[in-house]
Amino acid sequence: MESPTHKIQIVAHRGNNIIAPENTMVAFRQALDLGATAIETDVRVAADGVAFLFHDHDLDRTTDRTGDASALTIHELRAIDAGSRTGSEYRGEPIPSLAELAALCRGQARLILDLKVNGAAEAISNALLDADFPHDHVSVCSWNDVQAHETHTILPDARMVYIDEDPHYHDDENIADDWYEQLVAEGYRGLSLEWSQLSDAAIRGAHRHDLSIVTWTVNTPDAMRAAVESQRAVSEHNSGVPDDRRIEFRVGVNLGDVVIDGDGIQGEGVNLAARLEGLAPPGGICISSSVHEQVRDRLDGLFEELGGQ
């Protein structure tokens, strides 16, 4: 019996940010050239109401300027050097607008938009209109009810995904089912969880209500067991799901030094984990040698040596 063929979505987080400066047009172009089928990016609104792409509230970490990014107009933002911090070859790379990215991705890739501020839905709608980008090829990830209401009202055809930071109720099916039903009623079609929040109950609960589920940032050895269990749970769920509704993850796990930067982490440890993710097969896990040394005698399962990469 032949294995079914699945369409794997390759999502570029802030573009090809391991090589190029994050959330810039050069990073997005590189990601598409490498085969990305979806671009994930962060959306803020400039002082003149234009949607632009930038993760942090302040300009300090990734540009040659300081201060509140949203206090500037799109013209002022585009004059900022957002590339030199990554390398001299990217000097002068500007902060882009959402309309620029939408025009680049039209007909090539989906957009996954992480809302960093309330009140962005109208600016997003205008950008998509300017680029003639279809709303049903957009996923909007919201953090609160205000963002959800705005998105559902202004962008009803976009796929809404809820980023859940407090899933303490997932293991109580009675409480969880009420919450999942509320999400569906509010227009959500997906749920995004940080890796440590994953459990069989969370995955099965979301799927009972026809909600897709995605996870992010698996970087430490204590994440290994959660990664294995989540992959097994997804595999079991997929056994009864039509091919075009299946979800499969690639997971990379590394043990290494990181730099805490506000709410995020940076460093070679993170970069290597991202590279390992790319080596993992769909539904599989790729780990570094440092992680293997920590878990080889603690987890049931077979490890396949890939050699130097």
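Mentor: Happy to. Let us start with Arg 78 and Glu 100, which form a salt bridge whose closest N and O atoms are 2.8 Å apart. This pair links distant parts of the chain, with Arg 78 in helix 2 (residues 74-78) and Glu 100 in helix 3 (residues 98-105), 22 residues apart. Arg 78 counts as partly exposed, because its relative accessibility is 37%. Glu 100 also falls in the partly exposed class, at 27%. Please keep in mind that you are looking at a predicted model.

How many salt bridges does the structure hold? There are eight. One of them joins the side chains of Arg 14 and Asp 42, at 3.5 Å from N to O. Arg 14 sits in the loop between strand 1 and helix 1, while Asp 42 belongs to strand 2 (residues 38-45), so this pair ties together parts that are 28 residues apart in sequence. Both Arg 14 and Asp 42 are buried.

Through salt bridges that share partners, Arg 14, Glu 22, Asp 42, Asp 56, Arg 61, Asp 114 and Lys 116 are joined into one network.

Now for the surroundings. The loop that holds Arg 14 is also the place of Asn 23, between strand 1 (11-13) and helix 1 (25-33). Most residues other than glycine have a negative phi. Asn 23 is buried, with a relative accessible area of 3%. You will find a positive phi again at Asp 210, about 60°, and this residue is not a glycine either. Asp 210 lies in the loop between helix 7 (200-208) and strand 8 (212-216). Is Asp 210 buried or exposed? Asp 210 is exposed, with a relative accessible area of 52%.

For a view of the strands, turn to strand 6 (residues 159-164), where five of the six residues are buried. Strand 6 pairs in the parallel sense with strand 5 (residues 138-142), over four bridges, and Met 160 in strand 6 is the bridge partner of Val 140. The chain passes from strand 5 through helix 5 (residues 145-154) to strand 6, a β-α-β crossover that is right-handed. Strand 6 also pairs with strand 7 (residues 188-194), again in the parallel sense, over five bridges. There, Asp 164 stands opposite Leu 193 of strand 7.

Finally, step back to the whole protein chain. It has ten helices and twelve strands, and buried residues make up 46% of its 309 residues. Among contacts between residues at least 6 apart in sequence, 60% join residues at least 24 apart. The accessible surface comes to about 16,100 Å², and 47% of that belongs to carbon and sulfur atoms.

Methods
Residues are numbered from 1 along each chain as its sequence is written. This is a predicted model: local features need pLDDT of at least 70, side-chain atom pairs count only at pLDDT 80 or more; totals for chains, interfaces and linings use all residues. Side-chain values use heavy atoms; hydrogens and water are left out. Helices (H or I, at least four residues) and strands (E, at least two) are DSSP runs, numbered from the N terminus. Buried means under 20% relative accessible area, exposed over 50%, partly exposed in between (1.4 Å probe, protein chains only). Contact means heavy atoms within 4.5 Å. Accessible areas come from the Shrake-Rupley method with a 1.4 Å probe; for residues, only the protein chains shown count as cover. A salt bridge is a side-chain nitrogen of Lys or Arg within 4 Å of a carboxyl oxygen of Asp or Glu. Two strands pair if DSSP finds at least two bridges between them. A crossover is right-handed if, with the strands pointing away from the viewer, the path from the first strand over the helix to the second runs clockwise.
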